[in-house]
Amino acid sequence: MPLQAYLFVSLVIFALGAVGLMLRRNPLVMLMCVELMWNAANLAFIAFARQTQAMSGQVFAFVVITVAAAEVAIGLAILVLLFRAKGSQDVDEADLLRD
């Protein structure tokens, strides 16, 4: 499969994640959209690494997966605290930092 095909799939996945992030107001869906964008970047890293026969793409993908896992853990913790405080998951009602 040529590099362009991998990059096209990566672009489509990234665009879907970006559109979902901009349109949805549910924070869980927003986190999933961010994960989709991370995975699109991983696909591009792996495709470039495969093309150049280098291991740097796999290393970058591993770092991205690690950062994404940490981001989800912190994001879910914030969401749980927000839900306990407000009783809602709407990000428009998340104005705790303003108070």
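Colleague: What are the helix and strand percentages over residues 28-48?
Modeller: That stretch is 100% helix and 0% strand. Its end C-alpha atoms are 31 Å apart. Helices here are DSSP runs of H or I with at least four residues, and strands are E runs of at least two, numbered from the N terminus.

Colleague: What does UniProt say there?
Modeller: The unreviewed UniProt entry puts "transmembrane region" at residues 6-23, 28-48 and 60-83. Positions follow the numbering used here, feature names are shortened, and annotations may be inferred rather than shown by experiment.

Colleague: And how far apart are the ends of 60-83?
Modeller: The end C-alpha atoms lie 34 Å apart, again with 100% helix and 0% strand.

Colleague: Where does this model come from?
Modeller: It's predicted: local features need pLDDT of at least 70, side-chain atom pairs count only at pLDDT 80 or more, and totals for chains, interfaces and linings use all residues. Numbering runs from 1 along each chain as its sequence is written, and side-chain values use heavy atoms, leaving out hydrogens and water.

Colleague: What covers the buried residues of α2?
Modeller: The cover includes α1 and α3 (56-86). Among the buried residues are Met30, Cys33, Glu35 and Asn42. Buried means under 20% relative accessible area (1.4 Å probe, protein chains only).

Colleague: Switching to α1. Is Ser10 buried or exposed?
Modeller: Buried, with a relative accessible area of 7%. Ser10 sits in α1, residues 3-23. Leaving aside residues up to four places away in sequence, Ser10 touches Ala40, Ala41, Leu43 and Ala44. Contact means heavy atoms within 4.5 Å.

Colleague: What follows α2?
Modeller: Gln53, with a positive phi near 55°.

How values were computed. Buried < 20%, exposed > 50% of the residue type's maximum accessible area, 1.4 Å probe, protein only.
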